[in-house]
Amino acid sequence: MVTDTTAAERILADRARYVAPGMSTPKLVVAHAEGARITDPDGRSFIDFAGGIGCQNTGHRHAAIVEAIKEQADRYLHQCFMIGVYEPYVEVCRRLAELSPCGGGEQRSILVNSGAEAVENAVKIARWATGRPAVVAFDNAFHGRTLLAMTMTSKVKPYKAGFGPFAPEVYRAPAPHPYHGISSDDSIAALEHLFKADVDPSTVACVVIEPVQGEGGFIAMPPDFPARLHELCRKNGILWVSDEVQSGVGRTGTMWAIEQYAGAEPDLTVFGKSIGGGLPLAGVTGGAEVMDAVPAGGLGGTFGGNPVSCAAALAVLDTVTDPAFLAGARELGETLRGRLDEIAARHPRIGEVRGLGSMLAFEFAERSGDHAKAVVDAAFERGLVLLSCGLYGNVIRLLPPLNIASDELDEGLAILEESLGA
Ligand SMILES: Cc1ncc(COP(=O)(O)O)c(C=O)c1O
């Protein structure tokens, strides 16, 4: 039988028939991925500036990570750490202790499956450690899609509308956003006001903030803000949870973005995405005093810290902590920033280029996602996978592998600029 239907079209038709539409998907169908390139089942090739939403800092199918996964698969698969202790889990936690940006002496970690689960666990730990119920989150935050994480997230559509009632005891303050006129002073003043007007600070277990807000639009905290937030938290006995699910694992040129902020040591760091090198892994690291608060059995989960994910993570950590890799990530950040500034100078619809290291994005001046969507669609047609973000969907974020080859970066940026239109 002769048919004009491509393999990608057939899979997309089946997707429409069998997969719930609440799971939104683009037109990209993946058959193979390597480094910064994705190939679809019909042989179309794409440069990937999305990395499965920030999960491929080391690039698709990094050789050392694939090798570690295969070796672990040959030894044993799932065990459940609550049933049988295995070394890859312990070793990931040992490496995270060495790399932890948190204060508080000895560092301990727990490993879970997703960023949302890690955020939920950080709040559970903070509640036990302080004996307090309340949580403060920020405007433009994204912390995940489970009930508590969704409540803490700051975007109504599509993340919250229709999904209430929400978790209690979650309060919100504006985060600094200089492009939209909110300074560190404004944000600290708003927190102080929140503690007078809405919630007694002595009932707040933790504040949770991304050092560079991801889904919210790649908004890096101003240099002075984390230290000031830290100070305010200490004054009130509140723990500070730094959500580095998107900004961590080398994305900003250091292992953790918060390392680039003087005088700021979070109590807990939440991580996920790229740490698994393409497998699901996330977790929480913090000082022993806080992490030891929860009694045995209070934390856990069947699959958290799966051995294969841990083996992959060890290879990721080896790769990312190589000084040459981080130096390359910083160089990529500088190159990208320069190129985006040049592009912005030629395209007046771009209002701001911003971010930290190579966690970079640009925001269109108009407060509508229409143009950004048109750009993402046009880029796809030309062979570039792009992602938008931001409260208005008017931000285009770039998350290429940190080790992307310069010719692939050039190709991607050329397509990006062509796709911006006039
Ligand atoms: C900062 C941040 N926290 C938490 C999450 C939730 O992670 P997951 O989708 O793995 O649950 C995300 C996901 O984008 C994120 O960017």
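Me: How many helices and strands are in the protein chain?

Reply: Helices (H or I, at least four residues) and strands (E, at least two) are DSSP runs, numbered from the N terminus. The protein chain has 13 helices and 17 strands. This is a predicted model, where local features need pLDDT of at least 70, side-chain atom pairs count only at pLDDT 80 or more, and totals for chains, interfaces and linings use all residues. Residues are numbered from 1 along each chain as its sequence is written.

Me: What is the radius of gyration of the protein chain?

Reply: The radius of gyration is taken over C-alpha atoms, and the globule rule is 2.2 Å times the number of residues to the power 0.38. Here the value is 21 Å, close to the 22 Å that the rule gives for 422 residues, so the protein chain is as compact as a globular protein of that length.

Me: Which residues have the most contacts inside the largest nonpolar core?

Reply: In soluble globular proteins, nonpolar side chains tend to be buried together. A nonpolar core is a set of buried Ala, Val, Leu, Ile, Met, Phe, Trp, Tyr and Cys residues joined through C-beta atoms within 7 Å; buried means that 20 or more other C-beta atoms lie within 10 Å of a residue's own, with C-beta atoms placed from the backbone. The largest core has 116 residues, and Ala122, Cys206 and Leu239 have the most contacts inside it. Helix H10 (residues 307-320) gives the most to this core, with 10 residues.

Me: Which helix gives the largest share of the shell around the ligand?

Reply: Helix H5 (residues 115-130), with three residues.

Technical notes
Buried ≥ 20, exposed ≤ 12 C-beta atoms within 10 Å, placed from the backbone.
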